[in-house]
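Welcome! Take a look at it, then read on.

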Amino acid sequence: MLRLHGFAVSNYYNMVKLALLEKGMPFEEATVYASRDEAFLAISPRGKVPVLQCEVGYISETSAILEYVESLGQGPALLPGGAFEQARVRELAKHIELYIELPARACYAQAFFGMQVDAAILAKSREELLAGVDSLKRLGRFAPYVAGDSLTLADLYFLYSIDLAAGVAHKLFEIDLLADLPQARALLERFAGNPNVQRIAVDKDAAMGPFMAHMQARFKG
């Protein structure tokens, strides 16, 4: 039995969780927050979530976990056939992670936790978010999924990055990040009707209170 370590508010955790659910792979969940405790560092060298526990050991880093899950060959494939098409999916996923998720993440403290982020970081993030959405507009096919007519790994990054990035852009920069990308809005609406996405959203809502209490204790500490 696979065991997924992390917490239901984490977008990277939810990327892996959706992959497992879509593939119909049985797994258990173990709630743990990012930590520098030695016990956790033993399974996640950078102290980050998620971590996937499998029969022979632990795998950290979302991209590595998703590739491992895909390699097991169970359930619907999240990579298309053919080396070129697979590379295109990975390209999209990397663009979303590096140029949308990470710039938005630099602003999470101010957007979601009431802390102050340096003005230079905010300016850089704004610039990178706009450029990142532009690259997604150029690369994405949205037919109806990000890479084409079927769900792929790129959609997992899209679904659990673009909403947070849009929230950051709206709260901090008064920008509608998806104003020129209606296909992205349509895909988000499509995902809203997915039972597995709905389950993850319910779990996230239930976990939000404990997570916020954890973050407040961390900031006070």
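## Two annotated regions

UniProt, in an unreviewed entry, gives residues 1-77 the annotation "domain: GST N-terminal". The model you are looking at is a predicted one. Within residues 1-77, 35% of the span is helix and 23% is strand, and the end C-alpha atoms lie 20 Å apart.

The UniProt record also lists "domain: GST C-terminal" for residues 82-211, again from an unreviewed entry. Here the chain is 76% helix and 0% strand. The end C-alpha atoms of residues 82-211 are 41 Å apart.

## The largest pocket

The largest pocket holds about 980 Å³. Which residues lie closest to its centre? Of the 33 lining residues, they are F7, S10, N11, R105 and Y108.

Several helices take part: α1, α3 (62-71), α4 (83-105), α5 (108-113), α7 and α9 (195-220) each supply at least two lining residues. Helix α9 gives the most, with eight residues. By class, the lining of this pocket divides into 20 nonpolar, seven polar and six charged residues. Domain 1 (2-77) and domain 2 (83-193) each contribute at least three residues to the lining of the largest pocket.

## The cavity

How many cavities of 30 Å³ or more does a search of the whole structure find? The search finds one. The volume of this largest cavity is about 40 Å³, and its lining is made of V9, S10, N11, N14, Y160, D163, L164 and K204. The elements giving two or more residues to that lining are α1 (11-23) and α7 (153-173). Helix α7 has the largest share, three residues.

Sorted by class, the cavity lining has three nonpolar, three polar and two charged residues. Domain 1 (2-77) and domain 2 (83-193) each give at least three residues to the cavity lining.

## Two helices to look at

Helix α8 (residues 182-192) has A184, L187 and F191 as buried residues. Seen down the axis of α8, these buried residues fall within an arc of 60 degrees, so they line one face of the helix. On the face turned away from that buried side, α8 carries the exposed residues P182 and E189.

Helix α7 contains H170. Is H170 buried or exposed? Its relative accessibility is 55%, so H170 counts as exposed, the cut-off being over 50%. H170 and A111 are 59 residues apart in sequence, and their C-alpha atoms are 9.2 Å apart in space.

Most residues other than glycine have a negative phi, and most peptide bonds are trans.

With a relative accessibility of 38%, E61 counts as partly exposed. F142, at 11% relative accessibility, counts as buried.

Technical notes: Residues numbered from 1 in each chain as written. Predicted model: local features only at pLDDT ≥ 70, side-chain atom pairs only at ≥ 80, totals over all residues. Heavy atoms only, no water. 1 Å grid on protein atoms, 1.4 Å probe; cavity = no way out; pocket = protein on both sides within 12 Å on 5 of 7 lines; lining within 4 Å. Points joined across faces, edges and corners; volume = space filled by probe spheres on them. Helix = DSSP H or I, 4+ residues; strand = E, 2+ residues; numbered from the N terminus. Nonpolar A, V, L, I, M, F, W, Y, C, P; charged D, E, K, R; others polar. Domains from an automatic or database assignment. Buried < 20%, exposed > 50% of the residue type's maximum accessible area, 1.4 Å probe, protein only. Arc of directions from axis to C-beta. UniProt positions renumbered as here; feature names shortened; annotations may be inferred.
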